[in-house]
Amino acid sequence: MSAQRGRPLSDTPRLRRPWRVVSADLLVVSGAGLLIVFLTWSAWARYALPSDQISLVLATTAAACAAMGAVLAAVVHRMSTNRGAAWISAALTMYGVVVVPAITIGTTVDRGAPVVMAIRFVAPVIMITLLFIAVWSPPRRHAIRPLTISLAGLSVVVAAAVLALVAPGATELVTSNAGSWIGLACSLCLAGFALALVSVARGSAPLARVGIGMAVIGLGYAYKVSKHAPVNEVGLTYASVRLLGVLVMLVGLVQLARVTLQIAHEAHLEHQEELRLAKVGLARVEERDHELRNGIAGLAGMTHLLVDSNIDDSGSLCVTVSAELARLESMLANSAENTRSVYLTGSVISDLTALRKRAGMNIHCEVEDDLWTEGSRNALAQVLTNVLANCARHAPGSPVRVWAFRWRGRIRICVSDSGPGVPPGQEDLAFARGTRGEHSQGQGLGLHICRELLAADGATIELCSAVPTGATVVVELPLIARPRAHADVAAVASAG
Amino acid sequence: MGFTVLIVDDHELFSTSLRMALRAHGLDAHQVTPSGFDVILRQAEELPNGLIVLDLDLGKAPDGGWLHGPDVVTGLRERGWKVLIVSGSQDQPGIAAAIAAGAIGSVLKTSSFGALLETVIAAAEGRSLMTEAQHQSWLALDRTYRAKERELARRLSRLSRREQEVLELLAEGHRAAAIAEHFVVSMTTVRTQIRSILTKLEVSSQLEAVALLRQAPDREP
């Protein structure tokens, strides 16, 4: 995307500074947290609301949102190289599928059952471990699937439950200790804040939101375990704060998924464009192949004729064959790398005329000094070769005059012969493909190709009838100032 | 003088060599530079009826359009000429259309010149170049290609004028950013237009859209 002057790119995501986003988030989230605490502690909420039922509804919503977040994180992981997302997805699965139900179940079954207590303790431990791994994001040689991690975590939970059944005493030892629950809550906070900090450092505001959400959940949990005993009911404040944390996390993951999708979409469009350009290039090559095949068929035909000894016109056949070869060559030159450069027009002209003179053409050339131009030297050489070949064919033996000079701020190269010329009014027709003189033997040797070759450099070619006879081809090229490097060399040369 | 053969090909080296070779075999061979269908038909009217050796792709007309060999076959048949198709490449739809329009057969330029010469002479002598079964299969192919072309034209006609322009630019190999620049619109607008083009053409990628446009009739091959 080279030139997008003046217009903003509306479709590229604007990068805001993550720490600013995150501090605003922190403000909003702590405000919402305080509001929740204030509301749920008010006398109205304590006595007028059916706290248990509302807590259940909030728990269900939190579990569902955590599951949604897990799916989004898994999608992000699959669509990008974000390694942390796989671990976050597994942690959220653990949270939505095991942790929230295990905490909520305390209100309906036997409160102190060792199996429930073991699950309630082990599931958050696994979740926190997964979060720390997400913060660390270890590079792995093999792709790891969120589902595999989740299943591994679940099997650890099942193992813990079995252990609690077998040895309830040992489980009791851990779960009856208030310190282990506080430690759990603090670890969750720590994991959340670590994720937020690392994400800010890596410049990812959405992932920082996930971290903040986790930390909020951790704070809520810390409040719960310090206020109520862990076996007690959920509590409206905890349920609300937990939902707040899960929602903040979900917002972050939705954003992350959106950005990931946007990037994937951009990449998709770019690939589409590259594929299309390749296709267009291929089609051009096919067109050229078609032309080359036609040329080869013609050359094969000519060879067939030349082998036949009863053709007496072999001289003119040779001219036609060489003209066709020049055409095929120029076609290939057109497609090959035609590098632009700054060059002296005069050097190209004198090289070519010298070549023609040696081949026996009566050619005279006058070139002004310092006719610098910019473009493809090869293209000009091809064009002049074609023009001179035309002179040789249409006006054999006639003197050819080439002169190059400044003309209205451009370079003008005129090539004239004194052959039959072109009928007036048909000058432009000569540039149609395959046009040739009525009595000419030869190929209408692509004056249109010359025009196309020159057009790329901002140059033109015209065919004029000369007075009294003959044809003049006028090539005009852009004139540029003498390049500095050459000016210095010239100055040194003249000084020395 | 022998049987009349008129060679219609925009590649003059080819037509010149074929004309000279046919003359060497005693045929009354002529060549014409196809700068338009009227030129071909006029030339055909001036000569005694015989065999036309017609190139499939006759290049650009002076008015800028493309001359497709098959389009002139019917006119030549009406004037009593037999038509033999030569082509530089295996352009199946073009050959099928020409045979459906009444051409007696086709021959590839890429086969050896001797073989090509033999086929032309065989056609001039009135020998049949293909069996009835081959003829029928060409006709069936032509029907399939025509159905495809109609379907293509139907889809292309759904495009708005601007969408057609965008598609043309895409097919010429311009980047979406360059097209946005060209029409002085945002990249988003061009992307929306491209998406709409893909939907209307019932394709899933820009590559297919461009390929589709290139297959459409009345375009350069």
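## Two loop residues with positive phi

V184(B) sits in a loop of chain B, between α8 (176-183) and α9 (187-201). The model is predicted. In it, the phi of V184(B) is near 50°. That value is positive, and V184(B) is not a glycine. Most residues other than glycine have a negative phi. Is V184(B) buried or exposed? V184(B) counts as exposed, because 8 other C-beta atoms lie within 10 Å and the cut-off for exposed is 12 or fewer.

Where is R408(A) found? R408(A) belongs to the loop between β4 (400-407) and β5 (410-416) of chain A. R408(A) has 7 C-beta neighbours inside 10 Å, so this residue counts as exposed.

## Chain B as a whole

Chain B has 221 residues, and 39% of them count as buried. Its secondary structure consists of ten helices and seven strands.

Contacts show how the chain folds back on itself. Take the contacts in chain B between residues at least 6 apart in sequence. Of these, 63% join residues at least 24 apart.

## The sheet in chain B

Five strands of chain B form an open sheet. Their order is β2-β1-β3-β6-β7, and the pairing is parallel. Which strands stand at the edges? They are β2 (28-32) and β7 (105-108) of chain B. Each has a single partner strand, so one side of each is left without a neighbour in the sheet. On average, neighbouring strands of this sheet are turned by 20° against each other, direction ignored.

One pairing can be followed down to residues. Strand β6 of chain B covers residues 82-87. β6(B) pairs with β7(B) in the parallel sense, over four bridges. L84(B) stands opposite G105(B), which lies in β7(B).

## Chain A as a whole

Chain A has 496 residues, of which 38% are buried. There are 15 helices and seven strands in chain A.

The contacts of chain A can be read in the same way. Among those between residues at least 6 apart in sequence, 76% join residues at least 24 apart.

## A helix pair in chain A

Helix α3 of chain A spans residues 51-79, and helix α10 of chain A spans residues 236-307. The axes of α3(A) and α10(A) come within 8 Å. They cross at roughly 20°. Angles under 35 degrees count as roughly parallel, so α3(A) is roughly parallel to α10(A).

The crossing of α3(A) past α10(A) is left-handed. Which classes of residue make up this contact? The contact of α3(A) with α10(A) has 24 nonpolar residues, six polar and one charged.

## A strand residue in chain A

S465(A) is placed in strand β6 of chain A, which runs over residues 460-465. How many other C-beta atoms lie within 10 Å of S465(A)? There are 17, so S465(A) is partly exposed. A buried residue would need 20 or more.

S465(A) can also be set against S416(A). In sequence, S465(A) and S416(A) are 49 residues apart. In space, 9.2 Å separates S465(A) from S416(A), C-alpha to C-alpha.

Notes. Residues numbered from 1 in each chain as written. Chains lettered and ligands numbered in written order. Predicted model: local features only at pLDDT ≥ 70, side-chain atom pairs only at ≥ 80, totals over all residues. Contact = placed C-beta atoms within 7 Å. Pairing = 2+ DSSP bridges. Axes fitted to C-alpha atoms, helices over the stretch in contact; angles between N-to-C directions. Parallel < 35°, antiparallel > 145°, perpendicular 65-115°, else oblique. Left-handed = near helix turned anticlockwise from the far one by under 90°. Nonpolar A, V, L, I, M, F, W, Y, C, P; charged D, E, K, R; others polar.
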